[in-house]
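Subject: Structure handover

Hello,

Please find the structure below. My notes on the ligand sites and a few single residues follow.

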Amino acid sequence: MQMNKVLINDTTLRDGEQAAGVAFSVEEKIAIAKFLDAIGVDEIEVGIPAMGKAEQEAIANIVKLNLSANLLGWNRAVISDIQASIACGLQRVHISIPVSAIQIAAKFHGQWQVVLQKLHDSISFAVDQGLFVSIGGEDSSRAEESFLLDVVLAAQEWGASRFRFCDTVGILDPFTTHAKIKQLVASLTIPVEMHTHNDFGLATANALAGIKAGALSVNTTVNGLGERAGNAALEEVVMALKHLYHHDLGIDTRRLLEISQLVVSASGHPVPPWKAIVGENTFAHESGIHAHGVLQNPQTYEPFAPEEVGRERRLVVGKHSGRHLLSSILQQHDIILNHEETQSVLDAVRQESVEKKRSLTPQELLHLVQTKQHFRAC
Ligand SMILES: CC(=O)SCCNC(=O)CCNC(=O)[C@H](O)C(C)(C)COP(=O)(O)OP(=O)(O)OC[C@H]1O[C@@H](n2cnc3c(N)ncnc32)[C@H](O)[C@@H]1OP(=O)(O)O
Ligand SMILES: O=C(O)CCC(=O)C(=O)O
């Protein structure tokens, strides 16, 4: 199936920063925006102008950079929020409104007419100001489907240019996502955007399911940073679209590791070694059978080449390693062992890895071989 061009609307600077304990400085926000733009991200949700002066200063400074990416400010359905976005120089606003019964009950005493009125007034105000208006259905995944459709059709009628479907608490699976988005896309003339959360580890899968069902843009965050368990990760969505759906978004993927590290440093939150695409272990091979395969042909245990995302392959010796890897590493140091010696070193590697609770550095391995040879000589 031919896929329409999908746009990335990255929200590291908005939902990413909403991760508990994360607070970017103005300089960090600017650096992240510049980097996202430099690697070819289409649109950046730069923040929430209603938050106050510092946020407005950061956003206004990003606007002044004249980046190629479109810039979007996040707003409640509140006119003063939109005025704050305008004051920052933004020409695109996102207006969010809760659409599920549970949210409307908690925030608007169940008065859905009030919700619709606020949405109407804020869209009309923004459209009158000549702004591009995206609207977001907060908690769309738990909304009653016919109510959700009524709200979005009304928003479309009032001048909204895009609808963001939010799986706010991450409760969808890819099959349900596909069904819901397919129906929505068929009922609307404006494009649908995916916003997925990772509470059950399905954010990227659900984003892809939405795209497959016809959504034309997707919210991502670098490293999947975001509220609670986070959002669909930029690096995962981009690489999955490229390799699983053969849909190249034109993003410079060789810099994905660099931007991941920038966000690690700005957020103060490291990614685990096994983090898809950018984690330290994504191209590290220790196990005997894997390393043997990789030494013959890296594609045996790698879905794509590490250089494609700015990483390098690592072969490390540890508890699970086998003879082929060990011999290959030692050969690089002009050490050739016979079968019996290799097995004896392997046994020692296993023991030392368990004691150290990690793989061994090349120096530790060489030291271990030297010690063994010394004992043999004695
Ligand atoms: C799912 C999401 O990620 S939504 C985005 C969440 N992000 C954030 O909350 C981060 C930024 N937020 C903020 O800085 C502040 O919450 C502000 C500036 C927006 C508002 O601050 P405060 O005035 O102190 O209000 P507070 O945050 O306690 O409560 C939220 C208010 O917004 C209202 N509200 C919530 N969502 C919406 C909405 N989409 N449209 C209109 N009003 C809304 C609530 O009903 C509540 O109104 P009330 O003060 O009249 O009772
Ligand atoms: O943009 C919106 O409408 C809400 C976005 C959001 O962060 C969410 O619903 O999780």
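Is D15 buried or exposed? At 2% relative accessibility, D15 counts as buried, where buried means under 20% relative accessible area, exposed over 50% and partly exposed in between (1.4 Å probe, protein chains only).

Before the rest, the conventions. This is a predicted model, in which local features need pLDDT of at least 70 and side-chain atom pairs count only at pLDDT 80 or more, while totals for chains, interfaces and linings use all residues. Residues are numbered from 1 along each chain as its sequence is written, chains are lettered from A and ligands numbered from 1 in the order in which they are written, and side-chain values use heavy atoms, with hydrogens and water left out.

D15 sits in helix 1; helices (H or I, at least four residues) and strands (E, at least two) are DSSP runs, numbered from the N terminus. Its side chain reaches the backbone nitrogen of E227 at 3.5 Å. Apart from neighbours within four places in sequence, D15 is in contact (heavy atoms within 4.5 Å) with H195, H197, L225, G226, E227 and N231.

D15 is also one of the residues around ligand 2, and the others are R14, W74, H94, S96, G136, E138, R164, C166, T168, H195 and H197. A residue is counted there if one of its heavy atoms lies within 4 Å of the molecule. By class, this shell has 2 nonpolar, 6 polar and 4 charged residues. For these classes, Ala, Val, Leu, Ile, Met, Phe, Trp, Tyr, Cys and Pro count as nonpolar, Asp, Glu, Lys and Arg as charged, and the others, Gly among them, as polar.

Which side chains come up against oxygen atoms of ligand 2? A polar side-chain atom of D15 lies 3.0 Å from an oxygen atom of the ligand. An N or O atom in the side chain of R14 is 3.0 Å from a ligand oxygen, and for the side chain of R164 the distance is 2.8 Å. Taken alone, ligand 2 exposes 290 Å², and the protein buries 95% of that; accessible areas come from the Shrake-Rupley method with a 1.4 Å probe, and for residues, only the protein chains shown count as cover. Helix 1 (12-16), strand 4, strand 5 (132-138) and strand 6 (162-167) are the elements that give two or more residues to this shell.

Ligand 1

Ligand 1 is surrounded by 16 residues, the closest being Q18, M51, R76, A77 and S96. A polar side-chain atom of R76 is 2.9 Å from an oxygen atom of the ligand. Backbone atoms take part as well: a polar one of A77 is 3.1 Å from a nitrogen atom of ligand 1, and a backbone N or O atom of S96 lies 2.7 Å from a ligand nitrogen. On its own ligand 1 has 1000 Å² of accessible area, of which the protein covers 53%.

Strand 3 (70-76), strand 4 (92-98) and helix 5 (101-108) each supply at least two residues of the shell around ligand 1, with the largest share, 3 residues, coming from strand 4. The class count is 9 nonpolar, 3 polar and 4 charged residues.

N4

N4 lies in the segment before strand 1 (7-10). At 53% relative accessibility, N4 counts as exposed. Leaving aside neighbours within four places in sequence, N4 is in contact with L216 and H247.

Regards

Conventions:
Polar contact = N/O pair within 3.5 Å; in protein donor to acceptor, adjacent residues only side chain to side chain.
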